[in-house]
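Hi everyone, thanks for making time this morning. I'd like to walk you through a structure, so please have a look at the screen.

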Amino acid sequence: MKAHKARQEAGCRAAGGEWTDERLVFPTETGEPRSALNVRRNFRTLLKEARFENPQHWTPHELRTGFVSLLSDHGIPIEVIARLVGHNGSGTTERVSRKQPRPVISEGAEAMDDIFGDDGRAGASGPAAAG
């Protein structure tokens, strides 16, 4: 990190700018915090360079939701994920950041199979059918 910070400062000075040390990992070219507009602009530039289709439709927030969803799908507890993304509790992580319809759909489908069974008749399988 020290070498990274030294390169940033040297680059800023070489460009004739005054460096502001906010102790940020990815500051603007002058060392200041990036605005949301700066982040989106830089993100879309990277997507263009990587030849993504329609980079203007992508936002950095999708990286966050993807990160949360992949970890959740991999079985990482939602409380751990919430801490990783800086949430105070798991509620925001579950409501806003996790985009995982598959487990919910899967659970619902399994419940319907238990209720209706393979032949489509209610009560044909599951605990009640076994007894």
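I'll go through a few residues and their surroundings. Please keep in mind that this is a predicted model.

Let's start at the surface. Met1, Val25 and Phe26 form a nonpolar patch there, and together they have about 360 Å² of accessible area. Met1 sits in the segment before α1, the helix that covers residues 2-14. Is Met1 buried or exposed? Met1 counts as exposed because its relative accessible area is 66%, and the cut-off for exposed is over 50%.

Now over to helix α3, residues 61-73, where you'll find Thr65. Thr65 has a relative accessible area of 10%, so this residue is buried; the cut-off here is under 20%. And what lies 3.1 Å from a polar atom of the Thr65 side chain? That would be the backbone oxygen of Glu62.

Next, the loop between α2 (36-49) and α3, which is the place of Asn54. Asn54 is partly exposed, with a relative accessible area of 42%. Asn54 and Arg44 are ten residues apart in sequence, and their C-alpha atoms are 9.2 Å apart in space.

Last stop, for those of you who like rings: how many aromatic pairs does the structure hold? There is one aromatic pair. Phe52 and Trp58 form this pair, and the geometry is edge-to-face, with 5.6 Å from centre to centre and 90° between the planes. Both partners are partly exposed: Phe52 at 40% relative accessibility, and Trp58 at 35%.

Definitions and conventions
Residues are numbered from 1 along each chain as its sequence is written. This is a predicted model: local features need pLDDT of at least 70, side-chain atom pairs count only at pLDDT 80 or more; totals for chains, interfaces and linings use all residues. Side-chain values use heavy atoms; hydrogens and water are left out. Patches are made of residues with over 30% relative accessible area and no salt bridge: like charges are joined within 9 Å, nonpolar side chains (Val, Leu, Ile, Met, Phe, Trp, Tyr) within 5 Å. Accessible areas come from the Shrake-Rupley method with a 1.4 Å probe; for residues, only the protein chains shown count as cover. A salt bridge is a side-chain nitrogen of Lys or Arg within 4 Å of a carboxyl oxygen of Asp or Glu. Helices (H or I, at least four residues) and strands (E, at least two) are DSSP runs, numbered from the N terminus. Buried means under 20% relative accessible area, exposed over 50%, partly exposed in between (1.4 Å probe, protein chains only). A polar contact is a pair of N or O atoms within 3.5 Å; within protein, one must be able to donate a hydrogen and the other to accept it, and residues adjacent in sequence count only if both atoms are side-chain atoms. Rings of Phe, Tyr and Trp (its six-membered ring) pair if their centres lie within 6.5 Å; planes under 30 degrees apart count as stacked, over 60 as edge-to-face and the rest as tilted.
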